Amino acid sequence: MDIGIDLGTANTLLYVRGQGIVLNEPSVVAVKEGGRGGVLAVGSEAKETIGRTPGSITAIRPLRDGVISDYEAAEEMIRHFVRKAVPGRRPRTRMVVCVPSGVTPVERRAIVHAAQRSGARAVHLIEEPMAAAIGAGLPVAEPRGSMVVDIGGGTSEVAVISLGGVVTSQSLRVGGDRLDEAITDFVRKEHGLLIGERTAEHVKVAIGSAWPVPGEDAFEMRSFTVRGREKVAGLPRTVELTVREVRAALDEPVEAIISAVRATLEECPPELSGDVMEHGIVLTGGGALLPGLDLRMASATGIPVFVADDPLDSVALGCGKCVDEFDDLQRMLTAA
C-alpha cells in the first residue's frame with residue numbers, strides 16, 4: 001500500500017498505488033487552546049473555521065512557503081489523511097513525498113520525520129518541479145530540455161530538466177498565498193477596508209488575471225463585491241472591485257514569478273535553451289489557472305507557454321507515477 005503525498009501549503013493530495021488520487025483536502029488543522037487541547041478538525045472541515053474561531057480554538061496551516069512550520073500539527077494532519085485515504089488496518093507503507101527544490105536539510109528532515117511518525121516504513125523525497133514535469137507528461141528521462149513552472153500555494157518552482165535530473169532551477173516563496181496577500185493589501189490601502197484571506201482568495205478566483213485575455217471583453221467588465229471591516233470606523237462596509245484593480249494588485253507577485261523564469265533561462269546551457277525555445281514552457285499548479293498568465297509570460301520571454309492538461313493535480317500525478325513505477329523512476333528520488 002505505497003502512497004505518494006503532495007504536501008502542499010494550500011492543499012494536500014494523496015495518491016495510493018493502483019488507485020490513483022484518493023484524497024484532496026486543504027492543509028489546515030483546527031486545534032484547541034494553542035494545540036494543548038487536541039485536534040478538533042482537519043482538512044475541509046478545519047478550513048471552514050479560518051477567521052471564524054473563538055479565542056480557545058486556532059485554525060493552523062502547518063505548512064508555510066512549502067515547508068513545515070508547525071511540526072506537531074503537520075504530523076497529525078498527515079496521519080489523519082493517511083487513515084482517511086486507507087481506512088482499516090494496513091501495513092507500514094512506503095511513501096514518496098514532494099518537497100520544494102529550495103528546502104534546507106533541516107526542513108527536509110522535518111518532512112521525513114513527520115512522514116515516518118505517521119506510519120511510513122520508508123520515505124523517499126522528490127523535488128516538486130520534477131514531480132510536476134512527470135505529471136504533466138514531459139519527457140524528463142530524454143536528453144532534451146524541458147522547462148516547467150509550478151506555481152503552488154506557498155512556492156513557485158521553475159526548473160529546466162533533462163536526462164532525469166534538474167539542470168537549473170529557481171525556487172521562490174511566492175505563490176497563491178502571496179497573491180491573496182497582495183489583494184488584501186491593495187483593498188486595505190486603496191479602499192481602507194480590512195478583509196480576510198478567504199475573501200481575498202474568492203476575489204482572485206472570480207476576477208483575478210495577469211494579462212488582458214483576447215476575446216474576453218465580458219470578463220474585463222466584471223466586478224466583485226467585497227465585504228469587510230472599515231479600517232478607521234471599524235464598521236462593516238462593502239466595496240466593488242474591478243478586474244483592472246485586481247490585476248494591478250497582482251502585478252508585483254506575478255512579475256516576481258516571471259523574473260524567476262528569466263533568471264532560470266539565463267543560467268540554462270545553450271543547447272537546452274534551444275530545446276525550451278522549440279517546445280515551450282509548461283505551467284502547472286493552481287497559479288497556472290490565473291487567466292492571462294501564460295500570455296504575459298510568453299510576451300516577457302518570447303517563448304511559447306502552455307498550461308498543463310491537469311495543472312492542479314500534476315505534482316500528485318507525478319508523485320504517484322513514481323509510486324507505481326518505483327523501480328524505473330527510483331533514480332529521480334532522494335532516499336531518506
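The largest pocket is lined by 46 residues, of which Ala-10, Asn-11, Gly-153, Lys-204 and Gly-286 lie nearest its centre. A pocket is here an open set of points on a 1 Å grid over the protein atoms alone, with protein on both sides within 12 Å along at least five of seven lines, and lining residues have an atom within 4 Å of a point. The model is predicted, so that local features need pLDDT of at least 70 and side-chain atom pairs count only at pLDDT 80 or more, whereas totals for chains, interfaces and linings use all residues. Residues are numbered from 1 along each chain as its sequence is written, and side-chain values use heavy atoms, with hydrogens and water left out.

The volume of the largest pocket is about 1,000 Å³, a volume being the space filled by probe spheres set on grid points that are joined across faces, edges and corners. Its lining divides into 18 nonpolar, 14 polar and 14 charged residues; Ala, Val, Leu, Ile, Met, Phe, Trp, Tyr, Cys and Pro count as nonpolar, Asp, Glu, Lys and Arg as charged, and the others, Gly among them, as polar. Helix H6 (197–207) is among the elements that supply at least two residues each, and the largest share, seven residues, comes from H6. Helices (H or I, at least four residues) and strands (E, at least two) are DSSP runs numbered from the N terminus.

The second largest pocket holds about 290 Å³ and has 14 lining residues, with Ile-50, Gly-196, Glu-197, Arg-198 and Thr-199 nearest its centre. H6 and E15 are the elements that give two or more residues to this lining, and H6 provides the largest share, four residues. By class, three of the lining residues are nonpolar, five polar and six charged.

One cavity of 30 Å³ or more was counted, a cavity being a set of points where a 1.4 Å probe fits but cannot get out. The lining of the largest cavity consists of Ile-151, Leu-179, Val-254, Ile-257, Gly-287, Leu-290 and Leu-293.

The largest nonpolar core comprises 41 residues, and Val-149, Ile-281 and Met-297 touch the most other members. Helix H9 (residues 251–267) gives the most to this core, with six residues. Another core, of 32 residues, lies apart from it and includes Val-31, Ala-74, Val-86 and Ala-120. Such a core is a set of buried Ala, Val, Leu, Ile, Met, Phe, Trp, Tyr and Cys residues joined through side-chain atoms within 4.5 Å; buried means under 20% relative accessible area, exposed over 50%, and partly exposed in between (1.4 Å probe, protein chains only).

Both faces of strand E17 (residues 281–284) are covered, with Ile-281 and Leu-283 buried on one side and Val-282 and Thr-284 on the other. Strand E17 runs parallel to strand E11 (residues 146–151), to which four bridges join it, and Val-148 stands opposite Val-282. Three bridges connect E17 to strand E18 (residues 305–307), also in parallel, where Leu-283 faces Val-307 as its opposite residue. Two strands are taken to pair if DSSP finds at least two bridges between them.

An open antiparallel sheet is formed by three strands in the order E14-E15-E16. Strand E15 (residues 223–230) pairs with E16 over seven bridges, and Arg-229 has Pro-236 as its bridge partner in E16.

Helix H12 (residues 314–324) is largely enclosed by the rest of the structure, because eight of its 11 residues are buried. Among these buried residues are Val-315, Cys-319, Cys-322 and Val-323.
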